[in-house]
Amino acid sequence: MLKEELSQIVSNALERAKESGVLDIEEMPNVQIEVPKNRDFGDFSTNVALVLAGAVGKPPREVAQNIVNLIDIEEGFIEKVDIAGAGFINFKIKPSWYQRVIERIHSEGEDYGSSEKHCGESILIEYVSANPNGPITVGSGRGGVIGDVLANLLEAVGYRVYREYYINDALNSLQMQNFGKSLEVRYLQALGQDAKMPEDGYHGEYVIQIAKDIATRDGDKYLQMPKDERVRLFTDMGEAAMLEMQKKDLADIGIIFDNWYSERTLHESGKVAQAIEELKQRGYAYEKDGAVWLKSTAFGDDKDRTLIRSNGQPTYIAADAAYHKDKFDRGFDRLLNVWGPHHHGYIARTKAAAAALGYDPDKLEVLIFQVVRLFSGGELVMMSKRRGDLVPLSELVKEVGRDAARYFLLMRSADSSLDFDLELAKQQSSENPVYYVQYAHARICSILRTAEEEGAVCPDVRSVNLECLTHTSEIELIKKLAEWPEEVERAADLREPHRLTAYATELAAAFHVFYRDCRVLGEEPAITAARLALVKAALITLANVLKMMGVSAPERM
């Protein structure tokens, strides 16, 4: 990729400067290549001379000149190198290099942007993992979209990716017990019985509906069952109903998992007990005050954590230790968890458990995403699962559509809260970013359809004179197309899938400017052919971007 090549060229010049004694460099700097905000300064720029100046004891511009003197531009893609301002080194790229980008895009097609950088490496990515006691919420949906798109990105750079949902269904879970009790009460009420909801019960309409379905299907067959046995049964039936609903809601927004992993199976199979025993044997679990503790402070945690309470019940961290042991034992090279904001405190203890069990904690990554706030008509929409006025993900998809839901949930960095404007997401105007991007794709399709109708079919790019593409708007569009492979790699490596929405908007904007400034059809045959080749390259790239985000690429709007 171009930035990497430029970085290497500058690094090579620095090595020569060091070896020749021109610059007294003790430690080689990391050469950052950026795109100048003012394109009059060139196509790319680096501030490495400013970074080095203090260390080598020379003015930045003199350092910059020393570096430039050792850059060979006789061969290759660099047309010009100059120095600007306090010591920035600017590069102008030969137009012929950009023209070859079009040939590459046509050649690679759907694979344009993909690489084999991490070929041979495997990664298990766990996301959503909501409790099976309610519908998938908009907040969990954000984690789902982030995880889903991140999985697509990781596959695009060569990883073998495994997508997993962890079902928090342990029977000793207070939340699951309250859910089962709530469902039992609604069942009794559906049969005309006098029953009162528990203090921490779930009041959502979905609980009432599940109970009514059970009463309609099974009648009063559970009335004579002992209460404890009935609550457990209703917990199981409620979980089964909620999992079916959750799977459908996630599928409706395009999220499909390779595996749904039950926490309960960890306990029933003895894996939790085995993990705790192994921690004891390794010297990282001990008994105190009738409980069993993980010596997590040995691995940087702020305090030791309880594995088994004094009442004999295992804690969340006990199950998490067993679960992550199971993940590593399945042979994955890396583990990546996408967790909500309330899980931030679990990172250190989970990594400590992995380290205590003998695994490399650096191979376990945790990405925390922040909350979603829904706004409708400028008013904040409140959400609460227990009060029953939550906004399920399914309602959001129904309200704004799958494409807008995915795009908007992805638009901000995971570590930032997200304000979701429902009215904006439904607008069919350039103010709506997903509409703006999809409209660019539809407009490209319209151009190519019209060209075919007029007999100006896009020819084989190898027979096109791409040197005709010299207009500023043409070059800017090609530059943006050329950035796609690097954008994929950066978004994957930095775990920042939101970068795709910014890139998609910038690419659509570059195309709209090109469309405004450069007539495609009705020009001289050579120009029309070259511009059709460029338009087709833009179509391929924009379709790849939308596919990576899980957003449709409409041909007509």
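## A salt bridge across the chain

E126 forms a salt bridge with K327, and their closest N and O atoms are 2.9 Å apart, where a salt bridge is a side-chain nitrogen of Lys or Arg within 4 Å of a carboxyl oxygen of Asp or Glu. This pair links distant parts of the chain, since E126 belongs to strand 4 (residues 122-126) and K327 to helix 11 (residues 316-329), 201 residues apart. Helices (H or I, at least four residues) and strands (E, at least two) are DSSP runs, numbered from the N terminus. Both E126 and K327 are buried, a word that stands for under 20% relative accessible area, while exposed stands for over 50% and partly exposed for values in between (1.4 Å probe, protein chains only).

The structure is a predicted model, in which local features need pLDDT of at least 70 and side-chain atom pairs count only at pLDDT 80 or more, whereas totals for chains, interfaces and linings use all residues. Residues are numbered from 1 along each chain as its sequence is written, and side-chain values use heavy atoms, with hydrogens and water left out.

## Other charged pairs

Side chains of opposite charge can pair when their charged atoms come close. A search of the whole structure finds 38 salt bridges, and E164, K271, D326 and R330 are linked by such bridges in a network.

Two further pairs lie within helices. In the first, the side chains of D252 and K248 meet at 2.8 Å, N to O, and because they are four residues apart in helix 8, about one helical turn separates them. D252 counts as partly exposed because its relative accessibility is 35%, whereas K248, with a relative accessible area of 52%, is exposed. In the second, E476 and K479 form a salt bridge at 3.2 Å, N to O, and they too are separated by about one helical turn, because they are three residues apart in helix 17 (residues 472-482). Here E476 is partly exposed at 26% relative accessible area, and K479 counts as buried at 10% relative accessibility.

## The nonpolar cores

In soluble globular proteins, nonpolar side chains tend to be buried together. A nonpolar core is a set of buried Ala, Val, Leu, Ile, Met, Phe, Trp, Tyr and Cys residues joined through side-chain atoms within 4.5 Å. The largest such core in this model has 130 residues, and I67, L396, L409 and F420 touch the most other members. Helix 20 (residues 525-549) gives the largest share of this core, 15 residues. Apart from it lies another core, of 27 residues, among them A318, A319, A356 and L364.

For L409, leaving aside neighbours within four places in sequence, the residues in contact (heavy atoms within 4.5 Å) include V138, V145, I253, L396 and F420. I67 is one of the buried residues of helix 3 (residues 60-68), together with V63, A64, N66 and V68. The buried residues of helix 3 pack against helix 1 (2-20), helix 2 (48-56), strand 2 (78-84) and strand 3 (88-93).

After helix 7 comes G219, whose phi is positive, near 65°.

D148 is placed in helix 5 (residues 138-156), and it counts as buried because its relative accessibility is 6%. Not counting residues up to four places away in sequence, D148 touches Y127, R163, G254, I255 and R406. The C-alpha atoms of D148 and G254 are separated by 8.5 Å, although these residues are 106 residues apart along the chain.

## Aromatic rings

Rings of Phe, Tyr and Trp (its six-membered ring) pair if their centres lie within 6.5 Å, and planes under 30 degrees apart count as stacked, over 60 as edge-to-face and the rest as tilted. By this rule there are 21 aromatic pairs. F257 and W260 form an edge-to-face pair, with 5.6 Å from centre to centre and 80° between the planes. Ring pairs also link Y127, Y165, F257 and W260 into a cluster.
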